[in-house]
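Open the model in your viewer and keep the selection tool at hand. This tour goes stop by stop: what to select, then what is there.

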Amino acid sequence: MPANGRPTDRIDTETAHAARIYDYILGGKDHYPADREAGDAMCREWPALPVHMRANRDWMNRAVRWLAAEAGIRQFLDIGSGIPTSPNIHEIAQSAAPDARVVYVDNDPLVLALSEGLLTSTPEGRTAYVEADMRDPASILDSPGFRETLDLGEPVALTVVAIVHFMLDEHDAVGIVRRLLEPLPSGSHLAMSIGTAEFAPAEVGRVAREYAARDMPMRLRSHAEAAEFFDGLDLVAPGIVQVHKWHPDGTDTDGIRDEDIAMYGVIGRKP
């Protein structure tokens, strides 16, 4: 049992897991030997993988800060929240707007076991954790955590960070994101980072094969395919670009080569 008392008997420590691989490569502590073996193998295939993953994390930080500070968003629905890593979305949003509210969603039992790290809110704000699978949008939208935390009379930022590349064509990722966005009011925003192989096809292809060999097949998307998620939305400048080129702040984006990044970052506003 972890320190928060939640059971962990559903956690498969013998099989590599995408969120734990990500945690390992970013220097976290919530991973197991299988995850470290997988991460090391992937980095051998593409030594820039840690640069890519850090750039994605830095994009998320900038995107959430922009949504809270510039777009005035006070409510966030984060899909596929992953293993808590500070700063989390609520920490970033509440540093700009202490009254911000955040609902985290994930179906990973390890995230559930560690979810206390997602629930430390400012007194003015609020956070909640919903255990659900994004492939079942109704289970999210009908959950008490969602309904009791977010006010659908006010704009919401839907954040889907580094997850849709694990959704294959039969999962209909575009349709799922649209169903999650549908009940959100005008002025809501969709923020996504979307995996692509357009800038380093050989290297990223080898990493994708390592994931697939561990039963984690990937669906990497072109620029045009990434744009499908944002049909009907007003793109925030600079539009669909690699994550290190989206509102760079000069502190974490200098010196990054395009071929070291395999993720598009984009925000769109619902009219």
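Start with the cover over helix H1: the buried residues of H1 are covered by elements that include H2, H3, helix H5 (109–113) and H9. Helices here are DSSP runs (H or I) of at least four residues, strands (E) are runs of at least two, and both are numbered from the N terminus. Contact means heavy atoms within 4.5 Å.

Before moving on, note that this is a predicted model: local features need pLDDT of at least 70, side-chain atom pairs count only at pLDDT 80 or more, and totals for chains, interfaces and linings use all residues. Residues are numbered from 1 along each chain as its sequence is written, and side-chain values use heavy atoms, with hydrogens and water left out.

**Stop 1: helix H1**

Select residues 18–25, which make up H1. Why is H1 called largely enclosed by the rest of the structure? Because 6 of its 8 residues are buried. Buried means under 20% relative accessible area, exposed means over 50%, and partly exposed is in between (1.4 Å probe, protein chains only). The buried residues are Ala18, Ala19, Arg20, Ile21, Asp23 and Ile25. Now step just past the end of H1 to Gly27, which takes a positive phi of about 90°.

**Stop 2: H2 against H9**

Two packed helices are described by the angle between their axes and the distance between the axes. Select helix H2 (residues 33–45) and helix H9 (residues 201–213). Their axes come within 8 Å and cross at roughly 160°. That makes H2 roughly antiparallel to H9. The axes are lines fitted to C-alpha atoms over the stretch in contact, and angles run from 0 to 180 degrees between N-to-C directions. Angles under 35 degrees count as roughly parallel, over 145 as roughly antiparallel, 65 to 115 as roughly perpendicular and the rest as oblique.

The crossing of H2 and H9 is right-handed. A crossing is right-handed if the near helix is turned clockwise from the far one by less than a right angle, and left-handed if anticlockwise. Show side chains next. H2 brings Ala41, Met42 and Glu45 to the contact, and H9 brings Arg206, Val207, Glu210 and Tyr211. By class, that contact has 4 nonpolar, no polar and 3 charged residues. Ala, Val, Leu, Ile, Met, Phe, Trp, Tyr, Cys and Pro count as nonpolar, Asp, Glu, Lys and Arg as charged, and the others, Gly among them, as polar.

**Stop 3: H3 against H4**

Select H3 and helix H4 (residues 89–96). Their axes come within 8 Å and cross at roughly 35°. This crossing is right-handed. On the H3 side, pick Met60, Asn61, Val64, Arg65, Ala68 and Ala69; on the H4 side, pick Ile89, Ile92, Ala93 and Ala96. The contact of H3 with H4 divides into 8 nonpolar, 1 polar and 1 charged.

**Stop 4: the tryptophans**

How many aromatic pairs does a search of the whole structure find? There are 4. Rings of Phe, Tyr and Trp (its six-membered ring) pair if their centres lie within 6.5 Å; planes under 30 degrees apart count as stacked, over 60 as edge-to-face and the rest as tilted.

Select Trp59 and Trp246: the ring centres are 6.4 Å apart and the planes are at 75°, so the pair is edge-to-face. Trp59 sits in helix H3 (residues 49–69), and Trp246 in the loop between strand E7 (241–242) and strand E8 (263–269), 187 residues apart. Both Trp59 and Trp246 are buried.

Trp66 lies in helix H3, so its pair with Trp246 ties together parts 180 residues apart in sequence. Trp66 is buried at 18% relative accessible area, and Trp246 is buried at 0%. Trp59, Trp66 and Trp246 form one aromatic cluster.

**Stop 5: backbone details**

Select Ser86 and Pro87, joined by a cis peptide bond with omega about 0°. Pro87 is in the loop between strand E1 (75–79) and H4. Another cis peptide bond joins Ala237 and Pro238, with omega about 10°.

Finish on Asp215, in the loop between H9 and helix H10 (223–227). Asp215 has a positive phi of about 65° although it is not a glycine. Its relative accessibility is 68%, so Asp215 counts as exposed.
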